[in-house]
Amino acid sequence: QVQLVESGGGLVQAGGSLRLSCAASGITFRLYDMGWYRQPPGKQRELVATITFGGSTNYASSVKGRFTMSRDSAKNTVYLQMNSLKPEDTAVYYCNAGWGAATSRTNYWGQGTQVTVSS
């Protein structure tokens, strides 16, 4: 059974930092691209950051320079270090694991963790 378990969310003041974690089980972690997505209140889910199985990262322009995604294959865990947080970063943050070609991709999602940034 595949599980992606996010943790580390919470309430923080603007300018503060949080570190999200996503622990994966039930998949061959080293083969999966991983991603963080978020869904702000009343809005659609959007991409925050991705890291390929090879370690290459990509960031949404809105978080570039403030957020850093990393992976630890020994722990089957990915992280999202979020610095200089802004109220507009408030959202439910979801972890994603993806494998395969775009036409036949396998995707798994975590349950989400709430991040609230107060002004």
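**View 1. L80 and its contacts in the predicted model.** Leaving aside neighbours within four places in sequence, L80 is in contact with L18, R19, L20, W36, V48, A49, F67, T68, M69 and Y93; contact means heavy atoms within 4.5 Å. This is a predicted model, in which local features need pLDDT of at least 70 and side-chain atom pairs count only at pLDDT 80 or more, while totals for chains, interfaces and linings use all residues. Residues are numbered from 1 along each chain as its sequence is written, and side-chain values use heavy atoms, with hydrogens and water left out.

**View 2. The largest nonpolar core.** A nonpolar core is a set of buried Ala, Val, Leu, Ile, Met, Phe, Trp, Tyr and Cys residues joined through side-chain atoms within 4.5 Å; buried means under 20% relative accessible area, exposed over 50%, and partly exposed in between, with a 1.4 Å probe and protein chains only. The largest one has 29 residues, of which M34, W36, M69, V78, L80, M82 and Y93 touch the most other members. At least two residues of this core come from each of strand 3 (18-25), strand 4 (33-39), strand 5 (46-51), strand 7 (67-72), strand 8, strand 9 (91-99) and strand 11 (113-118). Strands (E, at least two residues) are DSSP runs, numbered from the N terminus, as are helices (H or I, at least four).

**View 3. T77 in strand 8.** T77 belongs to strand 8, residues 77-82. T77 counts as buried because its relative accessible area is 8%. The side chain of T77 reaches the backbone oxygen of K75 at 2.8 Å. Beyond four places in sequence, T77 is in contact with residues including S21, C22, A23 and F29.

View 4. The strands stand in the order 1-3-8-7, with antiparallel pairing; two strands pair if DSSP finds at least two bridges between them. Strand 1 (3-7) and strand 7 are the edge strands, each pairing on one side only. Strand 1 is joined to strand 3 by five bridges, and V5 has A23 in strand 3 as its bridge partner.

**View 5. G65 in a loop.** G65 sits between strand 6 (57-59) and strand 7. With a relative accessibility of 80%, G65 counts as exposed. G65 and Y108 are 43 residues apart in sequence, and their C-alpha atoms are 27 Å apart in space.

Technical notes:
A polar contact is a pair of N or O atoms within 3.5 Å; within protein, one must be able to donate a hydrogen and the other to accept it, and residues adjacent in sequence count only if both atoms are side-chain atoms.
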